[in-house]
Amino acid sequence: MDILKTATDWAKAELFSTPFFILFGLVFMAASLGFWQLGKTEMARAYIIPTLVAGVLLLTIGLGLFFTNKSRITQFETAYNKDASVFIESEISRAEATLKEYNAIVFKAIPIIIIAAALSIIFINTPTWRAISITTIAMLIVILLVDGTAYARIDAYHKELKLVDIENEIKK
């Protein structure tokens with residue numbers, strides 16, 4: 001099993017996935033512009049700032065992840081060629097930490113925030129807070145969609161790393 005190819009393929013799959021954050025960020029920003037230019041009602045005008053903020057956040061997440069994963073591809077080759085076993089161990093540790101973060105943040109904290117935002121729609125009757133709540137829910141759903149697939153990829157990558165690690169232990 002070529003673990004360098006597996007690691008590089010994982011990073012390339014992440015490079016394909018992260019532009020979706022950028023795309024949705026641009027969509028939110030375009031919506032903000034649309035609400036600013038075309039919004040006539042108080043409710044429509046209330047969406048200007050929340051959708052702009054959500055767009056900027058998604059754009060920032062997407063660009064940050066894109067450049068991080070792009071640089072990671074070359075770092076993988078260098079680290080692997082330097083010491084393959086250390087590379088595998090560090091990748092296992094990084095993948096495990098990432099999986100824990102996904103479980104804590106993406107699959108626990110984000111749904112709780114979505115529930116809180118949905119409840120605020122019910123109990124707070126001002127256009128600004130409704131716009132904030134609805135935009136928050138929309139943004140977090142985008143994050144859940146993209147990160148749900150990212151979780152599946154890093155989980156599969158982690159399992160492959162563990163198999164290589166076990167094979168290396170057997171050879172010793």
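**Exercise 1.** Determine which residue meets the side chain of Asp9 in a salt bridge, and where the two residues lie.

*Solution.* The side chains of Asp9 and Lys5 form a salt bridge at 2.8 Å, N to O; the term denotes a side-chain nitrogen of Lys or Arg within 4 Å of a carboxyl oxygen of Asp or Glu. Next, locate the pair: Asp9 and Lys5 both belong to helix H1 (residues 3–17), four residues apart, about one turn of the helix. Helices (H or I, at least four residues) are DSSP runs, numbered from the N terminus. Finally, Asp9 is partly exposed at 36% relative accessibility, and Lys5 is partly exposed at 47%. Here buried means under 20% relative accessible area, exposed over 50%, and partly exposed in between (1.4 Å probe, protein chains only).

The model is predicted: local features need pLDDT of at least 70 and side-chain atom pairs count only at pLDDT 80 or more, whereas totals for chains, interfaces and linings use all residues. Residues are numbered from 1 along each chain as its sequence is written, and side-chain values use heavy atoms, with hydrogens and water left out.

**Exercise 2.** Characterise the salt bridge of Arg94 with Glu91.

*Solution.* The closest N and O atoms are 2.7 Å apart. Arg94 and Glu91 are three residues apart in helix H5 (residues 84–123), so about one helical turn separates them. Glu91 is buried, at 5% relative accessibility.

**Exercise 3.** State which parts the pair Lys162 and Glu96 ties together.

*Solution.* The side chains of Lys162 and Glu96 meet in a salt bridge of 3.8 Å, N to O. Lys162 lies in helix H6 (residues 127–171) and Glu96 in helix H5, so the pair ties together parts 66 residues apart in sequence.
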